[in-house]
Amino acid sequence: MAPEIWFPHLGIQIRKLNPIAFHVFSIPVYWYGLIIGLGVLAGLFVATQEAKRTGQKPEDYLDFLMYALVASIIGARLYYVAFSWDQYKNDLLKIFATREGGLAIYGAVIAAVIVGVFYTRAKKLDFWVLADTAAPGLILGQAIGRWGNFMNQEAFGGYTDSLFAMRLMKSNVFDVPQEVLNRIQIFDNIEYIQVHPTFLYESIWNTGVFLFLIWYRRRKKFTGEVFMMYLLGYALGRVWIEGLRTDQLLIAHTAIPISQVVAGLSIIFAIIFIIYQRKKAKKYL
């Protein structure tokens, strides 16, 4: 039996990968959703543990999650739809067909931040304390969530023959660019595309950012710096990984990936904010 997914230079072969985990009354439950759910729970656990360590109320973070989760799904969908409008403009009902895919993490993060601002005002909490506390859990959830893309065999990059090159059955993937199809690999009479596993790159990168934030949280110079380090760290990874992907969301009538633009602006904003706040903190020492 030929492998469905193959890392030829690492000697790893996966014979069968079913995106459906199980069925409930004939309704399919997908690995993608389960993995995203695991990421959310892992992030909540990290946030509540940090809240306990810093003398906050862990239940505030459970309450916040309830609001942020709904807003994040809506934000992720709206972001995706806004930059894929040609797919939806002639059939607006497709906007609500989220089971067909089409969520963007930056939309989710932006929505969660907006909810965080309103939530902390309503609860009379410090937004920057909440942001610092939630940031490590957020990036851990993102690291875990990328494996949902692996189960769906999506979010991959262009052709590569590097150490981490990944082969996918051509029949299992969609919207493959011609430059990748020009380098089809054939094994046992089965056609494979060979691409960058960008889901893996981002998962590894995000795990590194998570470990850094866990280390740095006790060394921050001002309240809000951990969140800014999250913003900077994630964006530094996203700005180059996005350039490898073949499923980029583009700014209308351009070839510019919107997520690279958002990542670039995030880097600039985070650096300026950190420098300003550190100078401000030194001034009052």
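Visitor: In which helix is Lys280 found?

Guide: Helices (H or I, at least four residues) and strands (E, at least two) are DSSP runs, numbered from the N terminus. Lys280 is found in helix H8, residues 258-283. This is a predicted model, in which local features need pLDDT of at least 70 and side-chain atom pairs count only at pLDDT 80 or more, while totals for chains, interfaces and linings use all residues. Residues are numbered from 1 along each chain as its sequence is written, and side-chain values use heavy atoms, with hydrogens and water left out.

Visitor: Is Lys280 buried or exposed, or in between?

Guide: Buried means under 20% relative accessible area, exposed over 50%, and partly exposed in between (1.4 Å probe, protein chains only). Lys280 has a relative accessible area of 36%, and is therefore partly exposed. From C-alpha to C-alpha, Lys280 lies 9.4 Å from Phe222, although 58 residues separate the two in sequence.

Visitor: How is the length of helix H2 to be read, and where does H2 bend?

Guide: The expected span of a helix is 1.5 Å times one less than its number of residues. Helix H2 (residues 58-82) has 25 residues and should span 36 Å; its end C-alpha atoms are 35 Å apart, which agrees. A bend at a residue is the angle between axes fitted to the seven residues ending there and the seven starting there. In H2 the bend is about 25°, at Ala68.

Visitor: Which strands are joined to strand S7?

Guide: Two strands pair if DSSP finds at least two bridges between them. Strand S5 (residues 166-169) is joined to S7 (residues 190-195) by four bridges, and the two run antiparallel; here Arg167 stands opposite Gln194. Strand S6 (residues 185-187) also runs antiparallel to S7, with three bridges, and Gln185 stands opposite Tyr192. The hairpin of S6 and S7 has two residues between the strands, and Asp188 takes a positive phi near 55°.

Visitor: How many salt bridges does a search of the whole structure find?

Guide: A salt bridge is a side-chain nitrogen of Lys or Arg within 4 Å of a carboxyl oxygen of Asp or Glu. The search finds 11 of them. One of these joins Glu50 and Arg217, at 2.5 Å from N to O. Glu50 lies in helix H1 and Arg217 in the loop between helix H6 (198-216) and helix H7 (225-241), so this pair ties together parts that are 167 residues apart in sequence. Both residues, Glu50 and Arg217, are buried.

Visitor: What does Arg146 form with Glu202?

Guide: Arg146 and Glu202 form a salt bridge, with their closest N and O atoms 3.2 Å apart. Because Arg146 lies in helix H4 (residues 127-152) and Glu202 in helix H6, the pair ties together parts that are 56 residues apart in sequence. Arg146 is buried, at 11% relative accessible area, and Glu202 is buried at 4%.

Visitor: Which residues form the nonpolar patch on the surface?

Guide: Patches are made of residues with over 30% relative accessible area and no salt bridge; like charges are joined within 9 Å, and nonpolar side chains (Val, Leu, Ile, Met, Phe, Trp, Tyr) within 5 Å. Accessible areas come from the Shrake-Rupley method with a 1.4 Å probe, and for residues only the protein chains shown count as cover. Here Phe22, Val24, Phe25, Trp31 and Leu34 form the patch, with about 510 Å² of accessible area together. Strand S3 (20-24) and helix H1 (31-53) each supply at least two of its residues. Leu34, placed in helix H1, counts as partly exposed at 34% relative accessibility.
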